[in-house]
Amino acid sequence: MPWIVGVSGASGTPYAAAVLRALLEAGEAVDLVVSRASRLTLLDETGISFRDAHWQDDLRDWLARGADGKPGTFDADIGGVRYWNAGDLAAGPSSGSYPAKGMIIVPASTACVAGVALGLSKDLLQRTASVTLKERRTLVVAVRETPLNGQTLRHLVALDDAGAAVVPASPGFYAGATHIQDLVDFVAGRVLDAAGVAHGLYRRWQGDLGGGSSGNQQ
């Protein structure tokens, strides 16, 4: 069964790329939904135009880039990815009978958070998130916005009450980050922790003070 990964229009496409690469490296199948708004963000942050007719080439280009935008940084095998158009409300993931392990929304915009919390199902991403909740499957929402107003906070509480795991895109520094990719991988790793997927994206806390400093990295 696949993990469904939804990419919304919030800034933070490197987070999505890191999560996708780690899922594929872990041998997980992935169903990918890229919202219309996220295509604009992806174009702005990477220069990549994500096109339905050429999604495989565009996805390879995207996943090959590091968090600094440098192409050719990674070599990702996308053979385990199935792509669904965000406007296709008849797609497999729109139904509770479609088998899936759960869903990860990364990054999650405040508009996406509101839509899922209110059950709007305006596109396949939101519909799939609603299905994930009603089927009592794992839903991880990696919200990427600051500051958060009261309305959004209430929506996040509603998602938590519904059983979702809310994971703010908030990198930690105890893992000994020396590059922007390290900070991105920390967030991606915490997202995958919430989903229960094994990975090696960041150095875990072992209780040793100073273990993350440059002279003590492991």
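Reader: Which elements do the buried residues of α7 pack against?

Author: Quick heads-up: this is a predicted model, where local features need pLDDT of at least 70 and side-chain atom pairs count only at pLDDT 80 or more, while totals for chains, interfaces and linings use all residues. Residues are numbered from 1 along each chain as its sequence is written, and side-chain values use heavy atoms, leaving out hydrogens and water. Buried means under 20% relative accessible area with a 1.4 Å probe, protein chains only, and Phe186 and Leu192 are among the buried residues of α7. Those buried residues pack (contact is heavy atoms within 4.5 Å) against β1 (3-7), α1 (13-25), β4 and β5 (138-143).

Reader: Is Ser94 buried or exposed?

Author: Ser94 sits in the loop between β3 (81-85) and β4 (102-108). Leaving aside residues up to four places away in sequence, Ser94 touches Leu89, Leu124, Arg127, Thr128 and Val131. Its relative accessibility is 10%, so Ser94 counts as buried.

Reader: What about Arg136, buried or exposed?

Author: Arg136 lies in the loop between α5 and β5, and has a positive phi of about 60° despite not being a glycine. Exposed means over 50% relative accessible area. Arg136 has 69%, so Arg136 is exposed.

Terms used
Helix = DSSP H or I, 4+ residues; strand = E, 2+ residues; numbered from the N terminus.
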